[in-house]
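Dear colleague,

I am passing on the structure we talked about, and I would be glad if you could look through it alongside the notes that follow.

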Amino acid sequence: MDILQHFSFLWDSLLFFVTGDGWKNLVMLAVGGLLIYLALAKDFEPSLLMPMGLGAIIVNLPFSGAIGEAADGSQGIIEWLFKVGIEASEALPLLLFIGIGAMIDFGPLLSNPKMFLFGGAAQFGIFLTVAAATLFGFDFKDAAAIGVIGAADGPTAILVANVLETPLLPAIMVAAYSYMALVPIIQPFAIKLVTTKKERMIRMTYNPKSVSRRTRILFPIVVTVIAGLIAPKSVSLVGFLMFGNLLRECLKLDNLSQTAQTALANLITIVLGLSISASMKAEKFVDLNTVIVMGLGLAAFVFDTIAGVLFAKFLNLFLPAGKKFNPMVGGAGISAFPMSARVIQKMALKEDNQNHLLMHAVGANVAGQIGSVVAGGIILTVVPKLLGA
Amino acid sequence: MSIATQNALLLMLLGMVGIFAVMLLIMVTVNLLNKFAKDKEEK
């Protein structure tokens with residue numbers, strides 16, 4: 001009898017796939033498999049795409065016990081992780097920022113503060129994409145959440161999408177992390193669209209000034225205060241990023257800094273990927289809107305890169321020969337660190353094997369880290385006000 | 001033009017002004033820190 005009952009469960013599960021919207025779950029199992037393939041075979045952000053991929057499979061199996069509520073009131077573990085770690089408090093993306101902050105050396109930026117401007121300019125793609133998304137019929141809140149894919153910053157995209165309570169959260173998260181992995185393909189294409197070979201060959205001298213320990217310690221505090229005063233909603237994002245950096249730079253808390261960079265970041269990454277998959281349920285994900293969000297996310301990355309490059313070209317109009325920026329450095333003003341800086345270095349060496357732009361690009365790239373977080377905070381501050389909330 | 005698009009354009013304006021305001025302020029502050037916040041041994 002028991003054996004027959006087990007077969008009955010198997011039969012019910014198989015039947016689930018071929019009745020009603022069950023085919024959507026099959027699609028999600030394939031999406032999960034694709035994410036695992038991209039993570040493991042193509043090395044696309046494996047630390048996040050792999051947990052997300054297996055999570056997508058777990059939550060989309062028929063009658064999955066990892067989501068929903070059991071008869072005794074207990075919640076499925078993945079749904080619980082999502083509700084507690086992301087939905088209720090945004091704790092997971094914020095805690096990840098501590099680790100990211102502890103990993104970043106702002107030295108190249110502090111010794112060359114002009115690069116802050118590129119970290120601002122390259123966020124333009126976010127806002128252009130918000131406008132584009134409204135033209136596709138998305139309401140303002142959803143459009144704002146879609147635009148943040150262009151921040152090239154997974155935790156910020158998750159946090160903004162969650163606070164704005166958009167139903168597009170899963171598509172936004174998949175797009176944000178997939179495109180971050182595709183930076184080495186997207187950026188060269190976008191940069192070549194708007195630069196000439198001669199511009200890509202511009203050399204920049206690198207004369208780093210020494211940065212005092214006091215400056216390194218005061219910097220995270222100052223950034224937190226400034227960003228918090230201008231965009232109060234950004235203070236948790238910026239504050240946690242800068243807290244991690246202060247752990248690193250104070251040189252008094254090496255154990256904590258190392259823990260933040262390794263154990264904390266790794267633990268959160270494992271849990272974050274699985275938690276995100278709770279929102280990848282077939283009924284929400286298999287939708288035309290997901291395809292449009294993926295397209296708009298790609299556009300946001302391209303717009304960001306182009307905006308940074310064009311801003312560098314604009315500044316060059318006012319700079320004397322020998323002091324001009326290589327416009328490609330502007331394209332590194334996005335948050336995908338250190339991938340973007342490496343892409344620029346590689347492109348520069350391809351055009352001229354003696355042109356080393358790495359440190360300039362790293363400066364712009366870490367400025368982009370701050371810029372994207374500030375952009376996320378500004379969106380969280382301004383959008384509710386414009387909606388009269 | 002829909003209200004959502006109008007809001008998006010306003011967000012673009014406010015957002016870019018806000019980001020540049022933050023970045024410029026930080027840039028000026030870092031320049032000041034580089035100038036005045038020297039370590040004891042550097043002084």
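**Notes on the model**

A:F301 has its place in helix α18 of chain A, which covers residues 288–316; helices here are DSSP runs of H or I with at least four residues, numbered from the N terminus. Please keep in mind that this is a predicted model, in which local features need pLDDT of at least 70 and side-chain atom pairs count only at pLDDT 80 or more, while totals for chains, interfaces and linings use all residues. Residues are numbered from 1 along each chain as its sequence is written, and chains are lettered from A and ligands numbered from 1 in the order in which they are written.

A:F301 is buried, because 26 other C-beta atoms lie within 10 Å; a residue counts as buried at 20 or more such atoms within 10 Å of its own C-beta, as exposed at 12 or fewer, and as partly exposed in between, with C-beta atoms placed from the backbone. Apart from neighbours within four places in sequence, A:F301 is in contact with A:G125, A:G150, A:A152, A:Y179 and A:I186, where contact means that the two C-beta atoms, placed from the backbone, lie within 7 Å. Between A:F301 and A:M347 there are 18 Å from C-alpha to C-alpha, with the two lying 46 residues apart in sequence.

Helix α18 is also among the packing partners of the buried residues of α9(A), which pack as well against α8, α10, α11 and α21 of chain A and against α1 of chain B.

From first C-alpha to last, α15(A) reaches 20 Å, close to the 21 Å expected, the expected span being 1.5 Å times one less than the number of residues.

Finally, two backbone angles deserve a look, since most residues other than glycine have a negative phi. Just after α15(A), A:L251 takes a positive phi of about 60 degrees, in the loop between α15 and α16, and A:L251 counts as exposed because it has 11 C-beta neighbours inside 10 Å. A:E165, in the loop between α10 and α11 of chain A, has a positive phi of about 55 degrees although it is not a glycine, and A:E165 too counts as exposed, with 11 C-beta neighbours inside 10 Å.

Methods. Helices (H or I, at least four residues) and strands (E, at least two) are DSSP runs, numbered from the N terminus.
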